[in-house]
Every structure is written in structure tokens, then in C-alpha cells.
Amino acid sequence: MNLLQNYINGHFVRGAREFADVNPADGSLIAEVSEASREQMDEAVAAARNALRGEWGRMAVPARAALLHKIADGIEARFQDFLHAEVADTGKPVALASRIDVPRGAANFRAFADVIKTAGLESFRTETADGVIALNYAVRKPLGVVGIITPWNLPLLLLTWKVAPALACGNCVIVKPSEETPATATLLAEVMQAAGVPAGVFNVVHGFGPNSAGEFLAAHPGVDAITFTGESRTGAAIMHAVAPTVKPVSFELGGKNAAIVFADCDFDQTLNGVADAVFLNTGQVCLCAERLYVERKLMDRFVTALKQKAESLRVGWPMDQATTTGPLISQGHRDKVLSYYQLAREEGATIVTGGGIPKFNDGRDRGFYVEPTIFTGLPESARCVKEEIFGPVCHIAPFDTEEEAIAKANDTQYGLAGSVWTTNLKRGHRVAEKLRVGITWVNCWFLRDLRTPFGGMGLSGIGREGGVHSLNFYSELNNICVKLSD
Ligand code: NAD
Ligand code: 6OD
């Protein structure tokens, strides 16, 4: 049986004990994973601190940027290894992983190599009332050792989204991938080793959250900052853990995102875009739309068309190129999603389609599949309309006015993403600006430019990453004031 080990100070090492890495498509065992001990976390932190004082700490920006490109080259050279590992761990369709997950793994390194090379900082020529002249400018310094804790839904994409800017800024990192999807982080360690990244700069510790690697990392006094992607309530637990050592945090958390569809939309484009926004990655993208608000005169037509879309999805084996929809990540997550399907019935929903488990009569019946599902008829106060489900499911409600749609979309404690579908671009801009979210798409969804700010409001997170915003989190600014006058 394959054993996925921790990567500490440039070496692959076994942990205190092993846990199982399970294939969500059929419940089979993919690998054993070495869970890092508290002592191994101490070793990783010591190795990272030591690396900051060595060759890595002295490396100039162009050399760091060149190394990031070499890491991207390494991912691309092993594209098939990453692809197979990601598909096996997550159950996501191979066509999706080869279009989004693995390419973004490499693109994140290339993007932040460019960002760090071209980023400038403002300077001021300062003149005081009594005639003193000075030059103020700032220099960037790494934060030090950054702890990176990531989820299972886009494992390589979300890990590299944080590792790349952290390294670009000269930090050392300790990454704790999700226990559900440990494989691509381990492969990334092999790529780092082959690319010549100095020992201690990139470390991988496997394990769980509470009383395991996640908590050990967040609470460690030798870690200077934590960047985390995952559930809002885990963010709260991490905030608690970092409080005694007052670390900066960057949090990308959950969402209950809305899509607003106006009757003047381009119907086919909107239908395809919204279907993606609801069902991509089996609905397991934090940006997915679980609440659709459709202008009343389009409601019946739209519901019928989205139902047809949902029913035409190819729910299948992840490695089948024709599959559009894989299983959910785990038995536990399927139980959660199914409990919301049941709750929707109890709350009085009309189940337009789905609501159960598909039957295959083959190995997939041991996997964690659910049917793509659409509800209508729930009040805005229903738990299924308020709480993040994180599955291939949405609730569709009609609206009559623009103001009503905006008010309903904003009636949530989350604030991650939204989308607006209309051919009236003035309205598109107007509505987008009024949504209380970190990102709004108009006539598209999940179209990403890595230079733009990404993050959420409310329960959806703290801070923004992307482009120079990432640099601002992963570095400390030291302002230097030089007196120029005598
Ligand atoms: P999760 O919060 O359960 O786990 C995420 C990571 O945190 C895992 O590595 C886990 O081991 C670790 N962890 C759990 N408890 C911890 C603790 N007490 N201390 C330290 N680490 C701990 O999230 P998940 O189930 O893996 O991912 C799904 C969630 O992530 C959804 O809510 C989704 O919306 C959110 N998400 C948000 C974004 C975003 O960009 N805003 C992106 C992807 C996923
Ligand atoms: O595209 C990104 O950079 C990003 N952070 C996506 C997050 C998706 C959530 O599941």
C-alpha cells in the first residue's frame, strides 16, 4: 500500500501513526497517510526558522521568481501524476481537473513570480511646515514562517494559491492539507525537492484539525501567520488558537452565494453559466450559487430549463472523460448533504428534481454520490436557504423588482460571491456594486484573474488575497524615512 509521508526539512518522514486516504467514487483505499506528531510540528517549525536564516533568506527576488517558475515547470512535467492523484482523492471529473485544478496549480506559481517582480510601493516626498524635507519609502520583508491550512474541494489549486505568494515574499511555509485529500500536497513536495527549493522552506504535515496537525500548526508560537481556507466555524476555532500569540490571519471561508437572473438575460448563456455555478465540482466550490433569484416572468421557463440541465448531467466515474459530476468527498459529507435534502422536505420545499442517491449497480454504489437537486417554494427564513450545504443543489425563488432581488441576495451572514445575469449592463454594474460580497460576476461565474482581490465579507472571511493583495498579507512593510534637508 502506498504511504504518503510528511515532508519536513527536505526529507520525507513517517508520522506517529497512519490514517486512510479513501477514494470517494467507490470507497476503496488509495493510500495510508502518515499523521504528523506534535514533535514533528516542532521540527518543521525549527527547520523553517532555520531556512529563513540561510540561503533562502538571502535569495534576491529574481532568483526567487525563477524558482517559482521552476516549480510550475515541475508541476507541468508531472501533469498526469497530479491529475490522477487529484481525481482519485477528490472524485472530481478528470475533464474538470485537467481544465482547472492542475493548470491553476502551475499558474499560481507563474502569476506570483510575475507579481513579485513587478510590484512597487508608494513613496512620499515629505515637507514639514518648518521646511524639513524627507523621503519616505517602504520595503517588503517576509512575515517569517507561514502556516497554510487548506480544504479538500480544490486541493492543489487552493494550496498553491497560498504557497506561491508566501514563497514569492520570501517566507518559509508549513502546509497542512486536508486529511481527505493529502496526495497532491505530497507530490508538490517532490516537485519542490526536485526544483532545488532549500530544505525547510516548504514543509508538509499531514493530519486532522483538533488535537492534530491543524491545531498544532495554528497554535504554534514559532509560526508567524496563518492563512486558512475552509469552513467558517473552523476559522473561528483557528482564530481562538492564534489569539495567544497574536498572529495575522487570512481567512477564505464558506458562502451561501446568490445568482440574480433578470428576464432580459441572454437565456442560453445564463442557463449554462448558472448550471455551472450550481453544479460544478458537484457543488463543492465555495463560490457556487445555492440561492437563485429569478425575475418572476422568467421563473417557470428557467426552472424547467435548469431541471433539464440537472437531469442531463453525467453523474459517473471520475476518470470517464464524459463525466460532469462526481461523488461528494466523503460519507460524512454525503450524510450532511442528504440531511439538507430531508430538511428541505420538512421545511415544505417542492423538490423539482433529485433529492436522493443515484443507483448504478456497480462499484459506485459504495461511493458517495448524490443526485443533483433543485428546490423551490421555501421561505427566505428556511435553513436550506440560510445555511451552506456545499453540494449539487440550489433553491430557486422568484422576485419582482431589482431592489427586492438585492435585498434577498444580501440577507445572509455570509458574503463571498454573487452573480448577476442581464443584458442591461447599467443594471449589471448597479446591482453588482450593491451586493455585499467580495466578488460579483456579471454574465459569468468563476472567471478568475489572479491579480484581482479575492476574499469574503462577514462569515465568508477576513482579508483579501490575489496579486498585490497577497503580497500585502505575506509581507511586513518597513517604512524608511530619510531626512534630505540639512
Ligand atoms: P474544514 O474547515 O473542515 O477543513 C479545512 C482544513 O482545516 C482541513 O485541513 C482541516 O483539517 C483543518 N482544520 C479543521 N479543524 C481545524 C482546527 N480546529 N484547527 C486547525 N485546522 C483545522 O473545511 P472543508 O470541509 O475541508 O472545506 C469545505 C469548506 O471550505 C466549505 O465551507 C467551503 O465553503 C470552504 N471553502 C472556502 C473557500 C474560499 O475561498 N472562501 C474555498 C474553498 C472552500
Ligand atoms: O480561484 C481562486 O483563487 C480561489 N481561491 C477559489 C476558491 C474556490 C473555493 O472553493
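A cavity is here a set of grid points, taken over the protein atoms alone, where a 1.4 Å probe fits but cannot get out. Its lining residues have an atom within 4 Å of a point. The model examined is predicted. Four cavities of 30 Å³ or more are found in the structure. The largest cavity holds about 90 Å³ of space. Its lining consists of Arg104, Leu154, Leu157, Leu158, Trp161, Glu252, Cys286, Leu287, Phe446, Arg448 and Phe454.

The largest cavity is the site of ligand 2. Around this ligand stand Arg104, Asn153, Leu154, Leu158, Trp161, Glu252, Val285, Cys286, Leu287, Phe446, Arg448 and Phe454. Eight residues of this shell are nonpolar, one is polar and three are charged. Domain 1 spans 3-253 + 458-482, and domain 2 spans 257-442. Both domains give residues to the shell, so ligand 2 lies between them.

Polar contacts to ligand 2 come from side chains and from the backbone. Asn153 places a polar side-chain atom 2.8 Å from an oxygen atom of the ligand. Arg448 also contributes its side chain, with a polar atom 2.7 Å from an oxygen atom of ligand 2. Cys286 takes part through its backbone, where an N or O atom lies 2.8 Å from an oxygen atom of the ligand. On its own, ligand 2 has 300 Å² of accessible area, and the protein covers 99% of it.

A pocket, unlike a cavity, is an open set of points.

Ligand 1 exposes 850 Å² when taken alone, of which the protein buries 92%.

Technical notes:
Residues are numbered from 1 along each chain as its sequence is written. Chains are lettered from A and ligands numbered from 1 in the order in which they are written. This is a predicted model: local features need pLDDT of at least 70, side-chain atom pairs count only at pLDDT 80 or more; totals for chains, interfaces and linings use all residues. Side-chain values use heavy atoms; hydrogens and water are left out. A residue is near a molecule or strand if one of its heavy atoms lies within 4 Å of it. A polar contact is a pair of N or O atoms within 3.5 Å; within protein, one must be able to donate a hydrogen and the other to accept it, and residues adjacent in sequence count only if both atoms are side-chain atoms. Accessible areas come from the Shrake-Rupley method with a 1.4 Å probe; for residues, only the protein chains shown count as cover. On a 1 Å grid over the protein atoms alone, a cavity is a set of points where a 1.4 Å probe fits but cannot get out, and a pocket is an open set with protein on both sides within 12 Å along at least five of seven lines; lining residues have an atom within 4 Å of a point. A molecule sits in a cavity or pocket if more than half of its atoms lie within 2 Å of its grid points. Ala, Val, Leu, Ile, Met, Phe, Trp, Tyr, Cys and Pro count as nonpolar, Asp, Glu, Lys and Arg as charged, and the others, Gly among them, as polar. Domain bounds come from an automatic or database domain assignment. Grid points are joined across faces, edges and corners, and a volume is the space filled by probe spheres set on the points.
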